[in-house]
Amino acid sequence: MKKILELLSEEVGKAFEESGYKKSAGRVSVSNRPDLCEYQCNGAMALAKEFKCAPIAIAGAVAEKLANNEAFESVEAVMPGFINMNLSGAYLADYIRKMSEDEKYGVDLPDSRTIIVDYGGPNVAKALHVGHLRPAIIGESIKHILKFMGHNVIGDVHMGDWGKPMGLVMTEIQERQPDLPYFDESYTGEYPKEPPFTVRDLEEIYPTASAKSKEDADYNARALEATLKLQSGVRGYRALWDHIIDVSVSDMKRIYEKLHVDFDLWNGESTVQYLIPDMVKEMKESGVAYESDGALVIDVKQDTDTKEIPPCIVVKSDGASLYNTTDLATIKERVAKYDPAQIIYITDKRQDLYFEQVFRAARKAGLVSDKVTLSHIGFGTMNGKDGKPFKTRDGGVMRLEDLIADIQNEMYSKIKENKDIDDAEARQTADTVGLSALLYGDLSNQAVKDYVFDMERFISFEGNTGPYILYTIVRIKSIISKYVAQGGDMSGLKIGDPVNASEKDLMKALSSFAQTMESAEDELAPHRICAFIYDLANALNSFYHETKILSEEDEAKKGEYIALIDFTRKVLETCIDLLGFSAPDRM
RNA sequence: GUUUCCGUAGCUCAGCAGGAUAGAGCGUUCGCCUCCUAAGCGAAAGGCCGGCGGUUCGAAUCCGCCCGGGAACGCCA
């Protein structure tokens, strides 16, 4: 079904045409002067020069043609040449009714593509920390948005499980337990089933190893050697690696679940090892890759470049593969396995240049055709209140699990302060509302920008926050359950024509859902949805205050109100689901 | 140094296929609960949209040059 702005633009476009101008001048937008009108068209002013006449004359002629159009309550030409319009309540309500009956609430799904979203990017050698928050929740939301828009979306966590961090961890384990059979290359027996470390150990081993490698060149060399041994398939190293993966992945799943983040694929850099030798061989044979300073590289410079783009290193001079190698091989695998129309990478924006190199190298090496879109969404940093990257109170890197727990605990205290409810329910509500605070606080910002993590602001029930949105939904749920308890029947209720300004405003807010979803998809921008539901929640709350719903004496009108707020609830719940959280029944 | 992203109210952020008086929230000030959740609603105050030029009838939005901040720039991811 068509979007409201499309429908209005068509009407106005027709009027332009009838007046002897081009139809495209009739583009209608939401008014930026709500005090003057609801919708506006600025097309007359653009035409003035071409037709050498005053824009107001054109606007006047067009407005006249629209005078009896049933879509509008009023159409007015205003100096210097604006066409100001107010919608007829019946027309708007009719649109909302159709929208509410549509499976996708009025969003058209013209094409369905296979899209792979590569997000999360945790490293199995390290515990998930705050730096893993943004890729997880932005990616998850984008995945939901694309699915809603009818695409076949595959989310891949794409773990870092094959690079130097693995070598570092193994080296440190060897330091501590040199007698383990994994390090004895003459050992031929079965390796132990139980891992020689716990998740807690792992969390501490990597930072220790990483620090040592920076100070101790010999240690660093051993780590690189261990990495290479793993990659070349030395049996003991593979067995130890399996333990690391098992321990780490089950812990990751547990934490991602708390964020409602769910991956379709738990692949990693290691997944595509089998493709690397042939891929590298082909690159050499075709001549796209050549040796430079001992490493194998692909030139990715282009004539149109405004800067020097260094070549993409495919194989390091020591023969080991790296991030680039596995990413290229992963592209090859994804194309072969899923034939995607698009692959979207969600990472820190510092990797912009890196992805530019990889994308170019992939195309140059013929790994993907030009039909496949390769996109990189680079997001900014989550900062503390001091404007610097977020740290714990003592300056360390905060574990993701602790961050989630902190916000949920804060929310718990807040709920207990405000309401007298039992602990179990408070706890559960706090988890739900706390998660909304965390996700909304992040996703309501444009992804590329850095943002300030401000616990107090995020958990506030006032302003543009997750809890405010949930509060609005809970309010609706509460009215509806009272309505049902009073004997009201939800089936067969229909939205009526608006009887007051706030009801009409609520409908106008609802009507831009399709527009919102389209821009969220085009721009891969969850914050568009946040802006939309914030407006919608405001419109609902204004309506709530001006309209007595349950005490409405006209039963038919009461039913229409209920139908309208229930539809509002559905739209709000659809949207928060796209953001990755849900609403409780009470709070 | 080069490239790139960002600079909007005291604070945190929207707006950017150019449009009429630049929007929210927080904070500040003032109203509103005999009534469906006041964790709410309404109102006031608060701005040379980093600066200077250009394109245009019209620029926060497009272009150029500056200034300020972040980031990246061959064997990390």
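The structure is a predicted model, in which local features need pLDDT of at least 70 and side-chain atom pairs count only at pLDDT 80 or more, whereas totals for chains, interfaces and linings use all residues. Residues are numbered from 1 along each chain as its sequence is written, and chains are lettered from A and ligands numbered from 1 in the order in which they are written. The average pLDDT (the predictor's confidence in each residue, from 0 to 100) of chain A is 93, and 100% of the residues score at least 70. The ipTM is 0.94 and the pTM is 0.95.

Around RNA strand B lie 70 residues, of which G163, D293, K307, K316 and G463 come nearest; a residue is near a strand if its C-beta atom, placed from the backbone, lies within 6 Å of it. Helices (H or I, at least four residues) and strands (E, at least two) are DSSP runs, numbered from the N terminus. Among the elements that give two or more residues to this surface are helix 2 (43–51), strand 8 (295–298), helix 13 (400–418) and helix 16 (466–485). Helix 16 provides the largest share, 7 residues. By class, the surface comprises 29 nonpolar, 24 polar and 17 charged residues, where Ala, Val, Leu, Ile, Met, Phe, Trp, Tyr, Cys and Pro count as nonpolar, Asp, Glu, Lys and Arg as charged, and the others, Gly among them, as polar.

Strand 7 (residues 289–292) is joined to strand 8 by 4 bridges, with A289 partnered by I298. These two strands form a hairpin with 2 residues between them, and D293 in the turn has a positive phi of about 50 degrees. Strand 8 is joined to strand 9 (residues 312–315) by 3 bridges, and I298 has C312 as its bridge partner there.

The axes of helix 14 (residues 423–443) and helix 16 come within 7 Å and cross at roughly 130 degrees. Axes are lines fitted to C-alpha atoms, for helices over the stretch in contact, and angles run from 0 to 180 degrees between N-to-C directions. Helix 14 is therefore oblique to helix 16, since angles under 35 degrees count as roughly parallel, over 145 as roughly antiparallel, 65 to 115 as roughly perpendicular and the rest as oblique. The contact has 7 nonpolar, 3 polar and no charged residues.

Technical notes. Two strands pair if DSSP finds at least two bridges between them.
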